[in-house]
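Hi everyone, thanks for coming along.

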Number of protein chains: 2
Amino acid sequence: MRIGILGSGLMGGKLGMIFARAGHDVIFSYARSEQKLKRLAREAKGKARAGTPREAAQDADAVLLAVHWLRFDDVLKQAGDLSGKLVLTCSMPMNEDNTELVVAHTSSGAEELAKRMPKARIVAAFGTVPSEVLFGVYEARRKAHRPSLVYCGDDRRGKNVAAGLIRDVGFDPVDAGPLRIARYTEPFTMLIAQLAYEGKEGPELAYRFERLGK
Amino acid sequence: MRIGILGSGLMGGKLGMIFARAGHDVIFSYARSEQKLKRLAREAKGKARAGTPREAAQDADAVLLAVHWLRFDDVLKQAGDLSGKLVLTCSMPMNEDNTELVVAHTSSGAEELAKRMPKARIVAAFGTVPSEVLFGVYEARRKAHRPSLVYCGDDRRGKNVAAGLIRDVGFDPVDAGPLRIARYTEPFTMLIAQLAYEGKEGPELAYRFERLGK
């Protein structure tokens, strides 16, 4: 698959590298510097390159949106028309100092994004784990008992693609239902962040849903 | 410990039975009928009995609040003064038909409860798993890899007691921080409910937080 990364920061950078190592064509875009994009592409050691947001979005089978909430307008303007595209979002609707959700309860970041791009096929995924755990999960992907990763969305085909990419990264995809469930997965991400960054055991945190007796 | 159950429904009934089996003195109160309270006490097969909310709260080392959000006023009026008491709440701030949170984002059910009873020591616990999984977790308590259970609160001593009770039920207690984190654990409970009741795999769902490489 061709995957465009819009926002090559902690999450986008690492996920893009893993997608490339898993065999996908990746274009990194939208980081603090062109150097960082080139470094990511080099370190990905796969079919990866640096590009503009427009290049990342063009011809992509899936676009990963991994920018700060305050940069949505800017990156989407640069990316151009995303109608019909599968847009995976791991962006959280955070305030400027990343302490609080600015959208919650009656909506979610993912739903707001869908309102803004009604013709894109939005799936919320990858946001619920800290970036620090991603390489570890990928490296452990052949073990039994993979960690879970919830995803949600209203586009059945897009969700199937998302589930495949989640598997590629090393997680067990857990379908949480329609996009409005992001109202719960985004606060869940806040809980995960609290445990990862405020606890004493470090940020390499993952989670697993288990059914008893199974 | 002496544990008073305020609200002996699905959660309170099962948790009370498990507390009794784990060796605690339990008083069941506030169910649809006196018969149900007596049946719970009989089936608990430990030091358990039926009582009024006031009897359940009096002399209790901990009180479990497990009523529907719309019954808080009524049960608290019947229970009498809870100043200084450890109050474990697993109640979710749900609307009448249990489809949506009525408090979220800028507050939580647990925080609203604390405002109402500023002299009680509130710990939010046990709400994040379906009642259907409780007996299974208790029965599997001697196995390695117990499921996690998050709890939060502002009273250090009360949290230690809560952690002990969580262990008694068979979970691995995970301290999620201060009571305001209930703003995230309550929507997390909604996510759990979605996976448990809307999915195809049944409601016996638990979760486990894992640190990679540990």
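Before we start, one definition: two strands pair if DSSP finds at least two bridges between them. Keep in mind too that this is a predicted model.

With that, let's look at strand β1 of chain A, residues 2–6. Which strand does it pair with, and in which sense? The partner is β2 of chain A, residues 25–29, and the two pair in the parallel sense over 5 bridges. You can follow the pairing residue by residue: I3(A) stands opposite V26(A) in β2(A), and G4(A) has I27(A) as its bridge partner.

Setting aside its neighbours within four places in sequence, L6(A) is in contact with a whole list of residues, among them S29(A), P53(A), V63(A), L65(A) and A79(A). L6(A) also turns up in the largest nonpolar core, which has 162 residues. Which of those residues touch the most other members? They are L6, V63 and L88 of chain A, together with L6, V63 and L88 of chain B. Here's a bit of background: in soluble globular proteins, nonpolar side chains tend to be buried together.

Let's zoom out to chain A as a whole. Chain A has 8 helices and 9 strands. Its radius of gyration is 16 Å, close to the 17 Å that the globule rule gives for 214 residues, so chain A is as compact as a globular protein of that length. Its C-alpha atoms fill a box of roughly 45 × 40 × 35 Å along the principal axes. Of the 214 residues in chain A, 54% are buried. And if you take contacts in chain A between residues at least 6 apart in sequence, 69% of them join residues at least 24 apart.

Over to chain B, and its sheet. This is an open sheet of 8 strands, in the order β3-β2-β1-β4-β5-β6-β7-β8, with mixed pairing.

Helix α2(B), residues 34–44, lies across β2(B) and β3(B), running at about 170° to β3(B). Helix α5(B), residues 109–116, touches β5(B) and β6(B), and its direction makes about 170° with that of β6(B).

Finally, how do the two chains meet? The contact takes 34 residues from chain A and 34 residues from chain B. On the chain B side, α6, α8 and β9 each supply at least two residues, and α8(B) gives the most, with 10. That side divides into 20 nonpolar, 7 polar and 7 charged residues.

My last stop is β9. Strand β9(A), residues 205–211, is joined to β9(B) by 7 bridges, and the two run antiparallel. Look for F209(A) there: its bridge partner in β9(B) is Y207(B).

Conventions. Residues numbered from 1 in each chain as written. Chains lettered and ligands numbered in written order. Predicted model: local features only at pLDDT ≥ 70, side-chain atom pairs only at ≥ 80, totals over all residues. Contact = placed C-beta atoms within 7 Å. Helix = DSSP H or I, 4+ residues; strand = E, 2+ residues; numbered from the N terminus. Nonpolar A, V, L, I, M, F, W, Y, C, P; charged D, E, K, R; others polar. Axes fitted to C-alpha atoms, helices over the stretch in contact; angles between N-to-C directions. Rg over C-alpha atoms; globule rule 2.2 N^0.38 Å. Buried ≥ 20, exposed ≤ 12 C-beta atoms within 10 Å, placed from the backbone. Core = buried A, V, L, I, M, F, W, Y, C linked by C-beta atoms within 7 Å.
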